[in-house]
Protein chains: 2
Amino acid sequence: MSNFKAGIIQMPVVDKIDENIDTALSMIASAAEQGADVVCLPEMFNCPYQTENFPIYAESQGGKTFKALQSAAAENHIILVGGSIPEEDKGKIYNTSYIFDENGWLIGKHRKMHLYDVNVEGGIHFMESLTLSPGNEATLFDTKLGLFGAGICYDVRFPEYTRILSISGAKVVFLPAAFNMTSGPAHWEFNFRCRAFENQVYLIGAAPARDNTAGYVSYGHSIAVSPWGEIIGQLDEKPGILIVDIDLGYVDKIRDEFPMLKHRRTDLYQINMNGKKIK
Amino acid sequence: MSNFKAGIIQMPVVDKIDENIDTALSMIASAAEQGADVVCLPEMFNCPYQTENFPIYAESQGGKTFKALQSAAAENHIILVGGSIPEEDKGKIYNTSYIFDENGWLIGKHRKMHLYDVNVEGGIHFMESLTLSPGNEATLFDTKLGLFGAGICYDVRFPEYTRILSISGAKVVFLPAAFNMTSGPAHWEFNFRCRAFENQVYLIGAAPARDNTAGYVSYGHSIAVSPWGEIIGQLDEKPGILIVDIDLGYVDKIRDEFPMLKHRRTDLYQINMNGKKIK
């Protein structure tokens, strides 16, 4: 199937984990009712985005948030990119996205590869690495709809990351994200548009709704960009569900008419990942 | 000197090579009078941008356009990124930018590395490779003001290219370019903003002024973007000179506050160029 619908969930995040799970489940069901075949939740959707919260909210794989997502995927018969949650594993905490197929099988798991450690004068200060460890894998997942990629938030800043996904075959990339009130207005749109266009993929960004009382204020503006770099849907800062049409045939058309992936000078430059040349 | 002015020339291009050279010389002098320390001309500023023209207008290195630029750099005491012209060398034609220092010495030469062969339904059709051959080198040039990079137009589409320049030490990248009426409105701004920000460099794009009667209609919109991804100057479609302030200290500040170049996961991925790992 080369045409399908993606549902992008922009949900409020509160300090009660069960309330966050309930919100996610309710919005997933609503997106599925609206015809979504794939649903994407935001980054850290079960935990207010603050470094000190990550160890407190962390669950090991198979915990209650994991199980709730697994059931939601199967019950709604949707592929679910489960945003991200803090994951505990062998004493370390990761910013992790679990991805389930329409039967509830885990088909992908991405741990945020680039940690967000910034200190902008008059703007955002944040040090993810105080409590988080990074993942070490680029994440692709194969579905009945096609081969897709996943990253989390800051991963999208690094052209190498999305490049590795697209060269490896992804035609749609899902990015649970939470830009803030410094980087959101400054960079969100052009970052998503450029990454989508240069890799000739659909790029989906799902963010938490804005809460001006939070320690970290999400920009919101969940977005979907076409492989031509056009914004095909974007929310404002409030809670909402964005449903967009994905046409994998259009990916092929753009790659045929404007064949940038073929025009890469791989005779001169190459990207390696974990010691292997990316084809 | 960490603060200087860049002058960006958006000039009309006609079918008479001498008239184009005269226009360029006059606008270079004007930019220098306005305080520009570095001046950048547009892509194919001496030749209407059509594949069949490139062999006709081509000069070998040291030809009259080269000599005119060399003199202009020395006479105006400016560093000159000489846009690009068709260069003939051993029976091949290249899209070539000659770069001169303030004494008229050739300090850089870039041959467009990525040739523009596209065929967009309802939009642009162009096949540079019909008459042009590509260059095989990423171009850095060292000046009294700092280490800079150069590319030409389509090179900016490929994140690998600007990445190689920035990792190699460039803090400002100059891009003679000529987007068209399909790709200009669709991609020009976000492409420049994202490349500048992700590499934390100033990015300068110089385009020909628009001529709606031309075979290839330039979008114009010559642009300068800061390392934070802000547009610090942009022209419309008409002939003009854009003068912008460049602050290399600001490059360092952005790289310190939002240290994306350091956050690259070079333990996992690397870019190679001509068989060597780029540091």
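Two strands are said to pair if DSSP finds at least two bridges between them, and strands themselves (E, at least two residues), like helices (H or I, at least four), are DSSP runs numbered from the N terminus. This is a predicted model, in which local features need pLDDT of at least 70 and side-chain atom pairs count only at pLDDT 80 or more, while totals for chains, interfaces and linings use all residues. Residues are numbered from 1 along each chain as its sequence is written, chains are lettered from A and ligands numbered from 1 in the order in which they are written, and side-chain values use heavy atoms, with hydrogens and water left out. The points below take up strands, then aromatic rings, then charged side chains.

**Strands and sheets**

- An open sheet of four strands, with antiparallel pairing, runs in the order β17(A)-β16(A)-β16(B)-β17(B), and its edge strands, each pairing on one side only, are β17 (276–277) of chain A and β17 (276–277) of chain B.
- Within this order, strand β16 (residues 269–273) of chain A is joined to strand β16 (residues 269–273) of chain B by five bridges, the two strands running antiparallel, and A:M273 stands opposite B:Y269 in β16(B).
- Chain B also holds an open sheet of six strands with mixed pairing, in the order β9-β10-β11-β12-β13-β14; its edge strands are β9 (139–143) and β14 (231–234), each of which pairs on one side only.
- Strands β11 (residues 172–176) and β12 (residues 202–206) of chain B run parallel and are joined by five bridges, with B:F174 standing opposite B:I204 in β12(B).

**Aromatic rings**

- Over all chains, the structure holds 46 aromatic pairs, meaning rings of Phe, Tyr and Trp (its six-membered ring) whose centres lie within 6.5 Å, with planes under 30 degrees apart counted as stacked, over 60 as edge-to-face and the rest as tilted.
- One of these pairs, A:F258 with B:Y116, is edge-to-face, at 5.9 Å centre to centre and 75° between the planes; the pair crosses between chains, from the loop between α6 (248–257) and α7 (260–263) of chain A to the loop between β6 (106–111) and β7 (117–119) of chain B.
- Both A:F258 and B:Y116 are buried, a term that stands for under 20% relative accessible area, whereas exposed stands for over 50% and partly exposed for values in between (1.4 Å probe, protein chains only).
- The rings of B:F4 and B:F148 form a tilted pair, because their centres are 5.7 Å apart and their planes lie at 40°.
- B:F4 belongs to strand β1 (residues 3–10) of chain B and B:F148 to strand β10 (residues 146–150) of chain B, so this pair ties together parts that are 144 residues apart in sequence; B:F4 counts as buried at 3% relative accessibility, as does B:F148 at 0%.
- Ring pairs also link residues of both chains into a cluster made up of A:Y49, A:F54, A:Y116, A:F126, A:Y154, A:F158, A:F190, A:Y216, B:F197, B:W228 and B:F258.

**Charged side chains**

- A search of the whole structure finds 34 salt bridges over all chains, each being a side-chain nitrogen of Lys or Arg within 4 Å of a carboxyl oxygen of Asp or Glu.
- A:E121 and B:K253 meet in a salt bridge at 3.1 Å, N to O, and the pair joins two chains, because A:E121 lies in the loop between β7 (117–119) and β8 (125–127) of chain A and B:K253 in helix α6 (residues 248–257) of chain B.
- In this pair A:E121 counts as exposed at 58% relative accessibility, whereas B:K253 is partly exposed, with a relative accessible area of 32%.
- Within chain B, the closest N and O atoms of the salt bridge between B:K238 and B:D236 are 2.5 Å apart; B:K238 is partly exposed at 45%, and B:D236 is partly exposed at 31%.
- A network of salt bridges links A:E87, A:D89, A:K90, A:K109 and A:R111; in the bridge between A:K90 and A:D89 the closest N and O atoms are 3.7 Å apart, with A:K90 exposed at 77% relative accessibility and A:D89 partly exposed at 24%.
- A:R111 also lies over the face of A:Y94, at 3.8 Å from the ring centre, and in chain B the charged end of B:R111 sits over the ring of B:Y94, 3.8 Å from its centre; a charge sits over a ring if NZ of Lys or CZ of Arg is within 6 Å of the ring centre and within 35 degrees of the ring normal.
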